[in-house]
Amino acid sequence: MKKMLDMIVRSNEQLNYHNYLLKVSPADNSPLPVMKPGNFVQIEVKDSPNTFLRRPISVNYFDKQKNEMWLLVQDIGEGTHHICQSKENDILNIILPLGNSFTVPINADENCRLLLIGGGVGTAPMLYLGKVLQGQGFDPTFLLGGRSSQDLLQLDDFERTGTVYYTTEDGSKGEKGFVTDHSILQDQHFDYIYTCGPKPMMMAVAKYAHEKNIVCEVSLENLMACGFGACLCCVEKTTKGNLCTCTDGPVFDIKDLLWHN
Amino acid sequence: MAQLNVKISNLELKNPVMTASGTFGYGTEYADFIDLERLGGIFVKGTTLEPREGNSYPRMAETASGMLNAVGLQNKGVGYFIDHIYPEIKDFGTPIIVNVSGSSIDDYVACAEKLIDLEKVPAIELNISCPNVKEGGMAFGTSCKSAASVVKAVRSVYPKTLIVKLSPNVTDISEIALAVESEGADSVSLVNTFLGMAIDAEKRSPKLSTITGGLSGPCIKPIALRMVWEVFHAVKIPIIGMGGICNWQDAIEFILAGATAIEIGTYNFINPTASIKILEGIENYLDRHHINSVTDLIGQLEV
């Protein structure tokens with residue numbers, strides 16, 4: 001069930017020049033609904049004259065024990081800037097949980113090779129997905145890409161969750177180039193690929209998966225107004241017609257998208 | 001407790017707070033957030049005779065205090081609505097009003113005819129004001145002659161309450177209101193969105209796939225309010241007012257300007273509980289001012 005909750009900012013840590021990690025809990029201590037990897041939330045932005053709509057942010061981690069949710073927010077405009085300036089004990093009004101989720105393989109062998117590819121702030125949902133997969137007995141492999149080493153975030157968390165490979169465009173960490181240039185894509189075999197990041201990156205990953213006949217899910221971030229299927233603004237053209245990224249997505253199987261046509 | 005019930009011709013509403021077509025899906029999208037039964041009515045998504053895919057992405061651009069949309073009436077057609085959606089929503093306990101659109105007069109008539117027998121759809125809203133479709137839509141609502149002709153044709157087949165949604169993209173909205181009143185419209189709802197556009201300066205390109213789109217949200221409220229005021233002084237049929245309503249004060253302003261009922265639109269996206277908060281605010285206002293019935297407030301602007 002979707003809820004609109006006032007949430008208290010437990011902490012807000014600046015991770016690099018434009019990314020912030022907010023940890024939030026319901027202000028009234030009510031239990032958070034279960035969040036699945038791939039879900040997102042809609043955050044209200046107050047006191048920002050040019051911001052009218054909420055800002056959709058993916059779930060970076062959900063800690064059921066602490067009743068806490070992590071949100072990795074990139075400061076890229078007036079709306080996200082206001083969210084990133086939140087201070088400890090500030091209240092944010094948040095609608096959650098929204099969207100579908102990544103498919104965790106059922107009845108799969110634990111040796112099943114799962115590759116999670118994140119680019120930029122698109123690494124955010126990959127952390128939570130990885131934690132859930134690890135909890136199910138899988139050993140996920142992460143491939144994280146950024147412009148330079150300072151764009152790669154939460155590395156300790158990722159390294160505790162699985163095997164991690166890196167690419168940077170300037171070569172400052174891991175292999176130089178884009179994620180799709182990384183040698184593991186040639187040297188290793190994977191059964192499933194999950195990805196989130198800039199659209200050109202996801203399209204390149206989808207092309208690779210398509211050619212290798214690997215099951216692949218991507219998380220889209222089409223512009224949306226509501227986040228719960230009412231406005232019909234965030235549509236993606238699919239084999240099933242125009243689907244809402246907010247309710248039919250944000251996670252899509254690449255075989256349903258029209259990216260290869 | 002003040003009386004909240006109002007009448008739009010033969011349509012009896014338990015209260016004047018309704019939700020606007022295109023901003024409320026089919027109601028089900030909001031069922032987690034509010035008790036839908038408390039609403040005065042629900043105007044469901046724009047419906048056409050045949051299914052429509054709508055316009056290409058991007059369909060939305062945020063603006064200061066509002067947004068532009070270019071959805072373009074994406075819907076699965078009236079047949080799908082009747083067979084698959086209506087059975088799911090008919091027992092919400094509030095009137096379902098279907099917003100009807102078309103590319104030709106025949107489309108409007110055929111679509112309206114199919115809705116007559118639906119017991120829980122006591123009214124339709126003729127959308128002659130959608131700015132986001134190439135044919136029909138707003139083209140019908142921007143001249144008195146074409147507005148009158150579509151209303152006349154639908155009136156001749158549709159016996160239930162007929163509401164006509166007016167476009168603000170006209171020189172004199174009261175002339176259009178008079179034209180549809182004279183052809184038998186039971187009510188006018190206003191305003192639909194304002195034609196606008198947004199440009200990405202860096203890319204030197206439009207932000208919407210259709211270049212122009214419909215502007216809504218609190219940025220349009222003062223103009224919408226003025227238009228309700230003008231139409232109130234021109235016609236005798238009841239007015240349903242909308243345009244940027246975000247709180248109970250906005251709603252009261254529209255009623256004072258002449259609206260018998262109001263619709264909450266774009267603000268549902270930001271606060272999906274807004275309609276109920278507005279209803280409670282109106283109730284509180286009436287009690288505070290010792291007004292027995294919300295109908296005593298309609299058009300009571302003191303000038």
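This is a predicted model: local features need pLDDT of at least 70, side-chain atom pairs count only at pLDDT 80 or more; totals for chains, interfaces and linings use all residues.

Residues are numbered from 1 along each chain as its sequence is written, while chains are lettered from A and ligands numbered from 1 in the order in which they are written.

**Stop one.** Select Tyr26(B), in the loop between strand S3 (17-19) and strand S4 (41-47) of chain B; strands (E, at least two residues) and helices (H or I, at least four) are DSSP runs numbered from the N terminus. Is Tyr26(B) buried or exposed? Tyr26(B) is buried because 21 other C-beta atoms lie within 10 Å (20 or more count as buried, with C-beta atoms placed from the backbone). Now show Val44(B), Lys45(B), Ile85(B) and Ile89(B): Tyr26(B) touches them, leaving aside residues up to four places away in sequence (contact means C-beta atoms, placed from the backbone, within 7 Å).

**Stop two.** Pick helices H5 (residues 173-182) and H6 (residues 221-232) of chain B, which pack at about 50° with axes 9 Å apart. Where they meet, look for Ile173(B), Ser174(B) and Ala177(B) from H5(B) against Met227(B), Glu230(B) and Val231(B) from H6(B).

**Stop three.** Color by chain: 23 residues of chain A are in contact with 27 residues of chain B. On the chain A side, strand S13 (235-238) and strand S14 (241-244) are the elements that give two or more residues.

Technical notes:
A residue is buried if 20 or more other C-beta atoms lie within 10 Å of its own, exposed if 12 or fewer, and partly exposed in between; C-beta atoms are placed from the backbone. Two residues are in contact if their C-beta atoms, placed from the backbone, lie within 7 Å. Axes are lines fitted to C-alpha atoms, for helices over the stretch in contact, and angles run from 0 to 180 degrees between N-to-C directions.
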